[in-house]
Amino acid sequence: MDQAEKLRQIVQDLKQKRNARETRKARIITVTSGKGGVGKTSFSINCGIALNNMGYRVLIIDADFGLANIDVMLGIMPEYSLFHVIDGKKSIEDVITDGPCGIKFISGGSGIWELINLSSHELETIIRQFEGLDNIADIILIDTGAGVSEKILRMVLASNEVIIVTTPEPTAITDAYALVKSSLAMNRNVAFRLVVNRAENRQEAKIIMDNFVRVSAKFLNTKIDPLGYILYDDLIVKSTKQQKPFIIEHPKSHAAKQLNDIAYVLTSTSFESNSSKHSGIKGYIFHMMNFLRTRKI
Ligand SMILES: Nc1ncnc2c1ncn2[C@@H]1O[C@H](COP(=O)(O)OP(=O)(O)OP(=O)(O)O)[C@@H](O)[C@H]1O
Ligand SMILES: [Mg+2]
């Protein structure tokens, strides 16, 4: 398929998807990792832009519990966060910030945990607000913190789709494996995709992906989808320092191409067409509240 044909195909697919919008829910994809600092936020932003360039409306929710990563990485300081929605001061639309190239983001996503303190009536009102996000985004990426903590496990378990990011470091790989293992022990319906970031070369990335897929199949009896890889690139470090997404700054770099390939695979798989599987943001919050109220991890 040549480039023009590929584009025509994408536009055609998008038209069909737009027509079915009333019944469609946003795809909720959680981006997580076992070890911190492997490139989740960088991946979420740049993959979000790649998806946006393909015509998908993308919203990123920064659900890290530490520093407000996305704000810092984009050099944009939003006035409001999810906390303002939960304490009733702002509507969900008010806390959506415009990022570069049409992506939108919400900071303070970790405020989602404040929902536990609300009465049923307040919760209902907030969930109705969240539902509105299905109309403004085709894909919602949830950028989490790292590790096998209770909160992260709950965010992972609430979503149908999870992208797990690892680097070639052995500790990052074993921590990623531990996260998959813990999640699967709680819920076998989660679909995991693997991204190897900061690999030295294609061979290294491929070996890691193959091993991860093989070991997960053998010992966890689960099929991990190898989504793709991004090689180590100094341009990414440079762009991060300049608070500019590298996919915009260096669109012709290898890393940008690898990111575009990942975005393409992410939207060409059976998940995308099987929209009945998506329960949207309401389903996501609902699952999370269920875990909050009924289960102890
Ligand atoms: N492919 C890459 N090549 C080189 N540097 C990279 C690459 N991907 C990410 N980085 C750099 O790695 C650092 C960590 O990235 P990032 O903040 O996205 O990680 P994270 O997983 O979100 O971290 P945290 O767990 O703290 O949220 C950043 O400085 C980023 O520029
Ligand atoms: Mg981060």
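Guide: β7 and β8 pair in the parallel sense, over six bridges, where two strands count as paired if DSSP finds at least two bridges between them. The model is a predicted one, in which local features need pLDDT of at least 70 and side-chain atom pairs count only at pLDDT 80 or more, while totals for chains, interfaces and linings use all residues. Residues are numbered from 1 along each chain as its sequence is written, and chains are lettered from A and ligands numbered from 1 in the order in which they are written.

An open sheet of eight strands has the order β3-β4-β2-β5-β1-β6-β7-β8, and its pairing is mixed. At its edges stand β3 (97-98) and β8 (225-231), each of which pairs on one side only. In general, strands of a sheet pair through backbone hydrogen bonds, either parallel or antiparallel.

At the β8 end, R193 stands opposite D225 in β8. On its other pairing, β7 is joined to strand β6 (residues 161-166) in the parallel sense, again over six bridges, and there T166 stands opposite V196 in β7. β7 is mostly covered, since eight of its nine residues are buried; a residue is called buried if 20 or more other C-beta atoms, placed from the backbone, lie within 10 Å of its own, exposed if 12 or fewer do, and partly exposed in between. Across β7 and β8 lies helix α9 (residues 202-219), which runs at about 155° to β7; such angles run from 0 to 180 degrees between N-to-C directions, with axes fitted as lines to C-alpha atoms and, for helices, over the stretch in contact, and contact requires C-beta atoms, placed from the backbone, within 7 Å.

Further along the sheet, all six residues of strand β2 (residues 58-63) are buried, so this strand is largely enclosed by the rest of the structure. In a regular strand the side chains alternate between the two faces of the sheet. In β2, V58, I60 and D62 point one way and L59, I61 and A63 the other, and all of them are buried. β2 pairs with β5 in the parallel sense over six bridges, with L59 having I140 as its bridge partner in β5. β2 also pairs in the parallel sense with strand β4 (residues 104-106), over three bridges, where the partner of I60 is F105.

Of the 21 residues around ligand 1, G36, G39, T41, S42 and T240 come nearest, a residue being near if its C-beta atom, placed from the backbone, lies within 6 Å of the molecule.

Key
Helix = DSSP H or I, 4+ residues; strand = E, 2+ residues; numbered from the N terminus. Contact = placed C-beta atoms within 7 Å.
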